[in-house]
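Here is a short tour for someone meeting this structure for the first time. Have a look at the picture, then read on.

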2 protein chains.
Amino acid sequence: MDVDQRTCRTNTEEEEKAHFKRILNALQAYKNDSMTRLSRTRHHFSQLPAHQHALLTQLAYPSQLDRLAELIDQNHQVITEMIADAASMFLNVDPDPELVPRGKSSQVSTRPEDIEKIHSTLKQFARDWSQEGAKERQQAYMPIIEELQEAFPEKRGVKILVPGAGLGRLAFDIAQAGFDCQGNEFSLFMLFASNFVLNKCRTVECYTIYPWIHNFTNNMSMQDMGQAVSFPDVNPNEIPDEVNFSMTAGDFLDVYSDPEYRESQDCVATCFFLDCANNILDFIELIHKILKPGGRWINLGPLLYHFSDIPGEFSIEPSYDIVKGAIQSSGFEFLKEKTGVKANYTQNVQSMLQYEYRCVFFHCQKTAK
Amino acid sequence: MDVDQRTCRTNTEEEEKAHFKRILNALQAYKNDSMTRLSRTRHHFSQLPAHQHALLTQLAYPSQLDRLAELIDQNHQVITEMIADAASMFLNVDPDPELVPRGKSSQVSTRPEDIEKIHSTLKQFARDWSQEGAKERQQAYMPIIEELQEAFPEKRGVKILVPGAGLGRLAFDIAQAGFDCQGNEFSLFMLFASNFVLNKCRTVECYTIYPWIHNFTNNMSMQDMGQAVSFPDVNPNEIPDEVNFSMTAGDFLDVYSDPEYRESQDCVATCFFLDCANNILDFIELIHKILKPGGRWINLGPLLYHFSDIPGEFSIEPSYDIVKGAIQSSGFEFLKEKTGVKANYTQNVQSMLQYEYRCVFFHCQKTAK
């Protein structure tokens, strides 16, 4: 799979390199940061009164914490392989010595939001590329793929774009089904991970990670925390020869504003993506612009509005009825619409706390505005 | 209903007064803080390009934001009534001029966690004291009340303690069923609110609030955000004459460590409470201590461990299998146990994001240790 090497619209080359270094540092610091969090619990355990300390020891609490430390190390080894050739992966430059992983973390402390994103990336491997993720893919990807197959029975040469492609499974499944498919992703965490799966994993279940070890709450047993997840569940190289499948790196609004993309797509498929916008109207307008006349837009997802409470970030948060009105006013006709479509997102099914989205699914057609 | 006036174990009178003032200030600042959050969205709306601004205006986005401002004001009026006699409510002192609400917020900025707790308190009114909360009470309170009725068919004079009583509905329902019941609560937000419902609401549905207006995400329509909830759904004064019903204010570990409570209770009923502990073993030990020989402990809840990632707070997070072992080792025999008991907690049923707990329900009996 090719990775296109576009840059983010608002960043200079210098800023982009700094961002790249920050993410790489965060990934290199994974083991250290995870052990620091575990140490907090171990330290509090050590401070318990003697009789409580003895009781929890007898109940194997400290040995379960030791087991978590081993699993952190196993995740660390997979992450290390994932970023082994990071320096030359996306930048249009020779490997920069500053960017070559040094096998140890830098002195810079990792931002909490980056630690969170590493945990999300681990869970995303499970969602997109493991047997354990099959249920979630059935909920969120199958309705889109079935709709595509109904709308475009010819498949061959039909161009589908998947913005917010994450680890690339929806785009891969669309290509597997015989469509030309391009995924687009902005997050470097996701890009490192999708590059790893799509270009480095040559056999089924060649890696094992432990995505739930960072969740210290709502566990029925500590074995549940340590569930192993192997990936990929399919060989990512098995794409039909005649199919074009690619990924682009960069901000959707930046990459696809390029005139070459105007009226270029038969269909845009968005899945848990629309609410990643600072301004959802910009997404709606750009999707309209890049579709061919009569082109289709298929969407499934909630309206979480990721920037809703992030200081310094632009955010508008219209409810679905207003979003629907804006889509219609922007030159789309609704062909199909379902509300209350149940879908989980990187849910640990063993947890005592379950999240479930009631998504909107719709299929629109581009009309004259 | 009487409110006992104990103080928190770790605080001096001075610290306690400062804490009281902080919470009162936060409640007085509710309108101002809520309007500030709304202004953020309004400001971003005003910055949209002209054609997008016109489109959202046509779709009634700004008028829906104006409606939210009105509903903030209505919540503010209920909160103002709630804290009207706050100064003399819990402290063993004459009304302190410093503590008398001045009808306007102070210059001190409200802590984000206190803003969050005010939102939780509004939702708690819906959970505990509205028709809309009936489903959640059916899920979480009914199994406990039914178990109590089976274990203590005589009811009269049987003493039940409910730690973490919140807005007091479970304790009230237990007293309604004919048991003597004492609720205990630490949070001043909850204490202001429970005092308001239990001692100031004389008729059914005499107040109306809008608990969901602070959730800007995952809304199907902005009308959903503005759902009205009236309370109380029952008259809180209708308790059988022969029943003793009271609330104590203060930290469970502090209040009930007092020797007068040793072997004083026939039953402790904990509901979404056990995981509020910094050290869950302390809770288990104290529950054992205050129960009469052969006394019962009935519990329903998850293991969210509220202090798990709060900087500076002590926290251990054993999974349920270890907690169960600790309960057994501490001198309890399990009479009944169910896992995977589904329960929502202050869930907006209209939201595109639903949370559901898979709780543990158990009924234990105190044995010799």
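The two copies meet through the same surface, because 100% of the interface residues of chain A are also interface residues in chain B. Keep in mind that this is a predicted model, where local features need pLDDT of at least 70, side-chain atom pairs count only at pLDDT 80 or more, and totals for chains, interfaces and linings use all residues. Residues are numbered from 1 along each chain as its sequence is written, chains are lettered from A and ligands numbered from 1 in the order in which they are written, and side-chain values use heavy atoms, with hydrogens and water left out.

**How the chains are arranged**

Two copies of a chain are related by a rotation about an axis and a shift along it. Here, turning by 180 degrees with 0.0 Å of shift along the axis puts chain A onto chain B, with an RMSD of 0.0 Å. That is the relation of a two-fold axis. Which residue of chain A comes closest to the rotation axis? That is Tyr355(A), with its C-alpha at 2.4 Å.

Ile23(B) sits in helix H1 (residues 13–28) of chain B. Helices here are DSSP runs of H or I with at least four residues, strands are runs of E with at least two, and both are numbered from the N terminus. Ile23(B) counts as buried, at 2% relative accessibility. Buried means under 20% relative accessible area, exposed means over 50%, and partly exposed is in between (1.4 Å probe, protein chains only). Leaving aside neighbours within four places in sequence, Ile23(B) is in contact (heavy atoms within 4.5 Å) with Asp114(B), Leu188(B), Phe189(B) and Phe192(B).

Thr41(B) belongs to helix H2 (residues 30–46) of chain B, and is buried too, with a relative accessible area of 0%. Not counting residues up to four places away in sequence, Thr41(B) touches Tyr61(B), Leu65(B) and Phe216(B), plus Glu317(A).

**Salt bridges**

How many salt bridges turn up over all chains? A search of the whole structure finds 34. The term covers a side-chain nitrogen of Lys or Arg within 4 Å of a carboxyl oxygen of Asp or Glu. Three of them are listed here.

| Pair | Closest N to O distance |
|---|---|
| Asp173(A) and Arg169(A) | 2.9 Å |
| Lys324(A) and Glu337(A) | 2.9 Å |

Arg37(A) and Glu317(B) are both buried.

Asp173(A) and Arg169(A) are about one helical turn apart, because they are 4 residues apart in helix H8 (residues 169–176) of chain A. Asp173(A) is buried at 18% relative accessible area, and Arg169(A) is buried at 6%. These two also join Arg137(A) and Asp233(A) in a network of salt bridges.

The salt bridge between Lys324(A) and Glu337(A) links distant parts of the chain, 13 residues apart: Lys324(A) is in helix H13 (residues 320–329) of chain A, and Glu337(A) is in strand S9 (residues 332–343) of chain A. Lys324(A) is partly exposed, at 22% relative accessible area, and Glu337(A) is partly exposed at 33%.

Notes
Least-squares fit on C-alpha atoms with pLDDT ≥ 70 in both.
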